[in-house]
Amino acid sequence: MKVIVVGAGEVGYHLAEQLIKENKDVVLIDKNINKVKYAQTHLDCMVVKGEGTDMDLIRSLDIEKDDIFIAVTDSDEVNLITCFLVSSELKLKTKIARVRRLDYSRSNLLQNNYVGVDFVVNPELEAARSIVNTIQQGVTAGTTTFESGNLQLRDLFIHKDSILNGASVKDIRQKISEEYLITGILRKNDIIIPKGDTKVYEGDHLFVTGERVGVNRFLSKSGVIFKRLKHIVIVGGGRTGKFVAEYLASIDKNVKLIEKDYNKCKQIAEQIPDITVIHADISDESIFDEEDLGSFDLMLSVTDNEELNILTSVYAKESGIKKTISLVSKVNYLNMAAKLGIDSTISPKISSANAILKHIRKGNIKGVYSLFDGKAEIIEFTIQPKSKHKNVPIKNLALPKNSLIVAINRNNKNIIPDGNFILDEGDNLILFAKKSAIDKIEEFISK
């Protein structure tokens, strides 16, 4: 299967990078010679200088019916027109467009597939959904929720004084006897699928899976402090900040939004009258005293400048704000943010890539969730009536190396299984895997 990606910006580059790691045949197209040269130097795939609307170029790629076409340039119009042209000349099963303007993504034209787009992805909206999900969990750790019941994956950073520091997985189970599973450990740049004698150390990111109540109890007993979040300040009035502000206003939160662009402030104040909009530059530290920001429960830093987002969140913690969330894209910044005490980081490119990957996976896959710049994934899928895995105990499954079944939802009941658990038709499985195992996981799921 070939995947054609038009646009070598952040989302396109990241998506191509992840698909290459899965041994996909990727073609990356961009009209910017600098982006093309960079991709040619750093990616092991075919990189072409050109326009996605150049049908002579597209036809020269020998695209087949089952190949996938993804348009993720910075222009909504180019993405839509490209998909339309490809759809009109080539009978492709899947065409995906990144569309940032909501008046396009909500359009009946797109919903009815009149312009040849099978799936639409909005980066800012995907990031906003991730932020809302994190807020709903109390900003206690990185959070991934699944379609199956109320199962979730939480990411906990291990500090020096953590009671888990130096303990083995077996020891942790004896200390904290709740319904959860330690799914994986990110240590520096390596993902570890733990066994009972695997130890946890300072600086590790711990992935824990279970129902919300069980995982929250695990976090609480691990030393994580929960706090009700009522008063929230948002820094940045772009699309993501605006989406989140609209949601928070709808659930009766006390919201202040700070934006340095006066026209944006005026527009947001008119569109969301239930929040307080402040025209100011967050880099002016006097704003913290003038608006008494230190008394707020949570600050969201969602400007287009990720360095400013990190610095703002660090200063916010020092000023007394209890919880912070930063919009961050670079993977080295994600790790840095955790070490600096920022409670949660959201990456628009990862949120967008997750949404796209969900639509291009083979097999009966309900959801795909990329973790830490694609080093690992959580895949959610269903056991079908003719599946070879039906009526088979988990211990007898030929699971690919570096993968683990972490939870099962059966008839709306969530189960943390052991090796003797027998799979049945309709079971929704949640599987944790290192990136190196993804191509074999797709084969496993399709059986």
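1. Asn411 is exposed, with a relative accessible area of 73%; here buried means under 20% relative accessible area, exposed over 50%, and partly exposed in between, with a 1.4 Å probe and protein chains only. The residue sits in the loop between S20 and strand S21 (413-415). Helices (H or I, at least four residues) and strands (E, at least two) are DSSP runs, numbered from the N terminus. Although Asn411 is not a glycine, its phi is positive, at about 55 degrees.

2. The model is predicted: local features need pLDDT of at least 70 and side-chain atom pairs count only at pLDDT 80 or more, whereas totals for chains, interfaces and linings use all residues. Residues are numbered from 1 along each chain as its sequence is written, and side-chain values use heavy atoms, with hydrogens and water left out.

3. Asn402 also calls for a backbone remark. Its phi is positive, about 70 degrees, although Asn402 is not a glycine. Asn402 is found in the loop between strand S19 (376-382) and strand S20 (403-410). With a relative accessible area of 27%, Asn402 is partly exposed.

4. The loop between S19 and S20 also holds Lys388. Lys388 counts as exposed, at 67% relative accessibility. The C-alpha atom of Lys388 is separated by 5.9 Å from that of Lys447, and the two residues are 59 residues apart along the chain.

5. On charge pairing, side chains of opposite charge can pair when their charged atoms come close. The structure holds 14 salt bridges, a salt bridge being a side-chain nitrogen of Lys or Arg within 4 Å of a carboxyl oxygen of Asp or Glu. Asp56, Arg59 and Glu89 are linked in a network of such bridges.

6. Arg59 and Asp56 are separated by about one helical turn because they are three residues apart in helix H3 (residues 55-59). Arg59 is partly exposed, with a relative accessible area of 37%, whereas Asp56 counts as exposed at 55%.

7. The side chain of Arg59 also meets that of Glu89 in a salt bridge, at 2.2 Å from N to O. This pair links distant parts of the chain, with Glu89 in helix H4 (residues 76-89) and Arg59 in helix H3, 30 residues apart. Glu89 is partly exposed, with a relative accessible area of 41%.

8. A further salt bridge joins the side chains of Lys256 and Glu291, at 3.0 Å from N to O. Lys256 lies in strand S13 (residues 254-259) and Glu291 in the loop between H12 and strand S15 (298-301), so this bridge ties together parts that are 35 residues apart in sequence. Lys256 is buried, with a relative accessible area of 15%, while Glu291 counts as partly exposed at 22% relative accessibility.

9. The structure holds four aromatic pairs. Rings of Phe, Tyr and Trp (its six-membered ring) pair if their centres lie within 6.5 Å; planes under 30 degrees apart count as stacked, over 60 as edge-to-face and the rest as tilted. The pair of Tyr180 and Phe218 is tilted because the ring planes stand at 45 degrees, with the centres 4.5 Å apart. Tyr180 lies in the loop between helix H8 (169-175) and strand S9 (181-187) and Phe218 in helix H9 (residues 212-221), so the pair ties together parts 38 residues apart in sequence. Tyr180 and Phe218 are both buried.

10. Phe288 and Tyr315 form an edge-to-face aromatic pair, 4.8 Å centre to centre and with 75 degrees between the planes. This pair links distant parts of the chain: Phe288 is in helix H12 and Tyr315 in helix H13 (residues 306-318), 27 residues apart. Phe288 counts as buried at 6% relative accessibility, whereas Tyr315 is partly exposed, with a relative accessible area of 30%.

11. Asp281, Asp284, Glu285, Asp289, Glu290 and Asp292 form a negative surface patch. Patches are made of residues with over 30% relative accessible area and no salt bridge: like charges are joined within 9 Å, nonpolar side chains (Val, Leu, Ile, Met, Phe, Trp, Tyr) within 5 Å. Asp289, one of the patch residues, is in helix H12 (residues 286-290) and counts as exposed at 67% relative accessibility.

Note on methods: Accessible areas come from the Shrake-Rupley method with a 1.4 Å probe; for residues, only the protein chains shown count as cover. Lys and Arg count as positive and Asp and Glu as negative; His and the chain ends are not counted. The place of a charge is taken as NZ of Lys, CZ of Arg, CG of Asp or CD of Glu.
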